[in-house]
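Come along and check each entry with me.

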Amino acid sequence: MTHFRRDEFLSVARERGYIHQVTDEAALSARLADAPLASYVGFDCTADSLHVGHLLSIMLLRLLQRCGHKPVPLIGGGTTKIGDPSGRDEGRQLLTAETIEVNKAGIRRTFDSFLTFGDGPTDALMLDNAAWLDGLAYIPFLRDIGRHFSVNRMLTMDSVRLRLEREQPLSFLEFNYMLLQSYDFLELRRRHGVSLQMGGSDQWGNIVMGVELNRRVDAAECFGLTTPLLATASGQKMGKTASGAVWLNPDRLSSYDYWQFWRNAEDADVGRFLRLFTELPKDEIARLEALRGAEVNEAKKVLATEATAMLHGRAAADAAAETARTTFEQGGLGEALPVVAATLPANVLDLAVAAGLAGSKGEARKLVQNGGLRLNDEAVSDIGRQVASGDLRDGTAKLSAGRKRHVLIRSA
């Protein structure tokens, strides 16, 4: 893994495409050169795994550590109980304390693939804002913190303004979220010396308010940095596919399916994704980005393998690449394909839904009607087709949707 000097963080981050906005960039640049700096990104526990939409912030934390600074992933055990209204048309479903604990455990595992944890000055530190938010006393919090916030200004924040303009309800609970996020920054600086908050561009207003709160309450200099809102070349939100979120935890999405997600990137996205989601040198990225026609598929395979190796390890990435080669180039089964156990015989439409190849039986039926569903590489033409033990080859049958999505069916 390539390492950089402390003062190179902003220049490398900008070169790779991570930066959208920065508060007082000159002062931050000077601070980065002076000594190791601690920076945090917050991740609420709304699911038991993060997804590709979070990956930009995670990669930024990783780059921060590679530059000799201290990354602090903050788990939102407290703020998840409120719900961030940013980018939403309605309030989040409130989760139970038990569900939040399960989600926290799942999220924590992701960071082991990207960051080095320990007790050193540049080792990552994972924290949970429930440590200070759960015990807050309401009246003291309003007197000490709430008085520094202008409701007039809060109403201009996109997370609030857009909801009100669309005449969609915004609860007082959600309205408090930006106060709590700003208070997180204050507590993190006081407890752990954190002086930089990073996050997605939709968090800019909240981040700036946290910077200002530190200045007003403690006369402390803090900084904010946001990443660009990421979408594919065709305008689709990053991390979402027709079959759902692209999860980072292997128990939610196999290494093979993760590899396939990157392999299926649009041609126009390959260079940008290589810069953002791999650590290949810029000269190699420039070479891959220049490939045209059928050769661009080789660049996509490199992107898929490097991105998968970052999350799942090199061995799993190489296995996924080999499975794809065997499946597509040789018509084989591929040992790393996702496996679904089913009681046979079973209707092929039900199996397609159970395997995640279709979102519903209606969608599976359309696949059959359009010739897109195949069993052992042969098109399924009968929606009543039963998959039985006689269809298994060496204990498995391959069920495919289109040319790129495959699962293995085994008898339960």
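Before I start, I note that helices (H or I, at least four residues) and strands (E, at least two) are DSSP runs, numbered from the N terminus. Two strands pair if DSSP finds at least two bridges between them.

I keep in mind that this is a predicted model, where local features need pLDDT of at least 70 and side-chain atom pairs count only at pLDDT 80 or more, while totals for chains, interfaces and linings use all residues. Residues are numbered from 1 along each chain as its sequence is written, and side-chain values use heavy atoms, leaving out hydrogens and water.

**Entry 1: the sheet.** I found an open sheet of 6 strands with mixed pairing, in the order β1-β6-β5-β2-β3-β4. Its edge strands, β1 (21-22) and β4 (127-128), each pair on one side only. I traced β1 to β6 (residues 223-227): the two run antiparallel and are joined by 2 bridges. In this pair, Q21 stands opposite T226.

**Entry 2: a helix on the sheet.** Helix α4 (residues 97-111) packs on the sheet and touches β2 (38-44), β3 (70-76) and β4; contact means heavy atoms within 4.5 Å.

**Entry 3: the cysteines.** How many disulfides does a search of the whole structure find? I got 0, counting a pair of cysteine sulfur atoms within 2.5 Å as a disulfide. The sulfur of C222 is too far for a bond, because the closest cysteine sulfur, in C67, is 20 Å away. I also checked burial (under 20% relative accessible area is buried, over 50% exposed, partly exposed in between, with a 1.4 Å probe and protein chains only). C67 counts as buried at 1% relative accessibility, and C222 is buried at 6%.

Key
Axes are lines fitted to C-alpha atoms, for helices over the stretch in contact, and angles run from 0 to 180 degrees between N-to-C directions.
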